[in-house]
Amino acid sequence: MRSLDLVVIGLYLIAMPALGLLLSGKQKSSQDYFVGGRQLPWWAVCFSVVATETSTLTVISVPTVAYLGSFTYLQLAIGYLIGRIVVSFVLLPRYFAGNLVSAYAFLGQRFGTGLQGTASVTFLITRLLADGLRLFATAIPVKVMLAAFDVHLSYWQIIALLAVLTVIYTYFGGIKAVVWVDAIQMFVYIGGAILAGIILFGKLPGDWFSTAMAEGKFQLLDFSSSIITDQYAFFTAVIGGAVFAMASHGADQLMVQRLLACKDLKDGRRALIASGVVVALQFGLFLFIGTMLWSFFKGATPDSMGLASSDELFPQFIVNDLPPGISGLFIAGILAAAMSTLASSLNSLSTSTVSDLYQRLSKKPLDDAAVLKMGKLWTLVWAVVFVVFASMFTSTENPVVEVGLSIASYTYGALLGAFLLGLLVKRARQADAIIAFVATIAVVLYFVIGVSFPDGEGGETSLAFPWYTPLGVIVTLVVGGLLSLRHSRDAEESVPETV
């Protein structure tokens, strides 16, 4: 057991909740709790956005992508940046003009509370599936690495520990604590990755770069693969990535809430667009580490190395080849990514539950003190739900983990499509939007489960993941648009000024 590593991990787990409470200040109103009084600096929000969308699996799996393939994964980052720019100039102005704390309040203003509630419930279920299972998946490599240090914890113990430490600063500090701790955690896992990369670089042969170049490990653009079935084909990655980013950063409360914590629209745009650049640099770092790992392990397959999963490649190096203290720092970085995702989910779930559902269903208006109290209460409720849900899974081979990690792409098309329907189709009414919303989720799930395409090698495979969101957007606009034709132009619903 390497005591120094355990000391580093322990100090980190204690320091993060303490820093969160210290930096957040006192929450005097629901606006403070949900959107930080709209006074957070754009650069902190930018780092929080990046940390929120970076899970433990990103830190571990992206190097694996480069190890087994090349840099074509970076094409997704091109699409992500394009999508963020579109959101900055199309959707963000609507949110700031309406002085909203929830993305789905926009749908409530445009269509009515029925669609607002539908979108909010969809968001709650999506976050529970995606982030609850991501929390379980986080416990897998953490359990393996801690076992290497002779610390043996079960999955539920790791999950509960992370949840308790995270909920402390999320409950008391609200979005301010979440954003500031996210920013710190991003530098922890990025710093750990840079240190690991420097040490790894020192262990490589002198000709490693030229060898990797000759093997095509640094290939960035892919114009030869099938755009239908290969997620790293250029047009698939860029177009699909752009639409996915429009949904994830423009129609998902998880990200929108952070942007609404900025001082004004200008700062919100800065935070969002800058986050796309940082994400691209981050992906580049992890991919470069993956290519160096390929050279370090001499291109050996995970099976030949006795690994149960290809995602154990980077953890294997962390545990066995990093010096004491550095490996502990990197494990702390992995925990940072997990805690960041969990904290962001708890805060956004609490906000959406109170703003989009509880206040709408409550028969009597709530004063601000009651709203703040309910926000904190629902933070605790969702923390318990996450722990129970994630702890239900005890097998690393359960296929629902993979489904859960990509579940957001199945509902993002309907969410973004509803926003665009409200902006583009003036005749559309609430019933049209709700029918289109439900139909979209059904169609996308049908494509996920029941439709396959030739893979070019004599077999069949599913539609490439980046196309699910564009498919959903198209279905929502087509169905909602056709249904809206039932209404005469004279009966068009007026669109609020915020739209």
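The legends below describe close-up views of a predicted model.

**View A. Packing of helix α19 against helix α20.**
Helix α19 covers residues 430-450 and helix α20 covers residues 468-484. The two helices pack at an angle of about 145°, and their axes are 8 Å apart. The crossing of α19 past α20 is right-handed. On the α19 side, the contact is made by D432, I435, A436, A439, T440, V443, V444, F447 and V448. On the α20 side, the residues that meet them are Y468, L471, G472, V475, T476, V479, G480, L483 and S484. Sorted by class, the contact of α19 with α20 has 12 nonpolar, 5 polar and 1 charged residues.

**View B. The largest nonpolar core and the surroundings of F419.**
The largest nonpolar core has 145 residues. Within this core, Y95, L107, L416 and F419 have the most contacts. Helix α9, residues 155-201, gives the most to the core, with 21 residues. Another core, of 10 residues, lies apart from it; I407, Y410, V444 and Y468 are among its members. Two of the residues with the most contacts in the largest core, Y95 and L107, are also contacts of F419. With neighbours within four places in sequence left aside, F419 is in contact with L91, Y95, A103, Y104, F106, L107, G250 and A251.

**View C. Helix α11.**
Helix α11 runs over residues 234-250 and has 17 residues. At 1.5 Å a residue α11 should span 24 Å, and the 23 Å between its end C-alpha atoms agrees with this. Of the 17 residues of α11, 15 are buried, so the helix is largely enclosed by the rest of the structure.

**View D. Helix α3 and the helices around it.**
Helix α3, residues 42-53, reaches 17 Å from its first C-alpha to its last, close to the 16 Å expected for its 12 residues at 1.5 Å a residue. Because 9 of these 12 residues are buried, α3 is largely enclosed by the rest of the structure. The buried residues are A44, V45, C46, F47, S48, V49, V50, A51 and T52. They pack against α5 (75-90), α9, α11, α12 (253-259), α13 (265-296) and α15 (326-361).

**View E. Y73 in the loop between α4 and α5.**
Y73 lies in the loop that joins α4 (56-68) and α5. Its relative accessible area is 14%, which is under the 20% limit, so Y73 counts as buried. Not counting residues up to four places away in sequence, Y73 touches V62, V65, Y232, F283 and L287. Y73 and W43 are 30 residues apart along the chain, and their C-alpha atoms are separated by 26 Å.

**View F. K298 in the loop between α13 and α14.**
K298 is found in the loop between α13 and α14 (313-321). The phi of K298 is positive, about 55°, although the residue is not a glycine. With a relative accessibility of 75%, over the 50% limit, K298 counts as exposed.

**View G. S327 in helix α15.**
S327 is found in helix α15. At 0% relative accessibility, S327 counts as buried. S327 and F386 are 59 residues apart in sequence, with 28 Å between their C-alpha atoms.

Notes
Residues are numbered from 1 along each chain as its sequence is written. This is a predicted model: local features need pLDDT of at least 70, side-chain atom pairs count only at pLDDT 80 or more; totals for chains, interfaces and linings use all residues. Side-chain values use heavy atoms; hydrogens and water are left out. Axes are lines fitted to C-alpha atoms, for helices over the stretch in contact, and angles run from 0 to 180 degrees between N-to-C directions. Helices (H or I, at least four residues) and strands (E, at least two) are DSSP runs, numbered from the N terminus. A crossing is left-handed if the near helix is turned anticlockwise from the far one by less than a right angle, and right-handed if clockwise. Contact means heavy atoms within 4.5 Å. Ala, Val, Leu, Ile, Met, Phe, Trp, Tyr, Cys and Pro count as nonpolar, Asp, Glu, Lys and Arg as charged, and the others, Gly among them, as polar. A nonpolar core is a set of buried Ala, Val, Leu, Ile, Met, Phe, Trp, Tyr and Cys residues joined through side-chain atoms within 4.5 Å. Buried means under 20% relative accessible area, exposed over 50%, partly exposed in between (1.4 Å probe, protein chains only). The expected span of a helix is 1.5 Å times one less than its number of residues.
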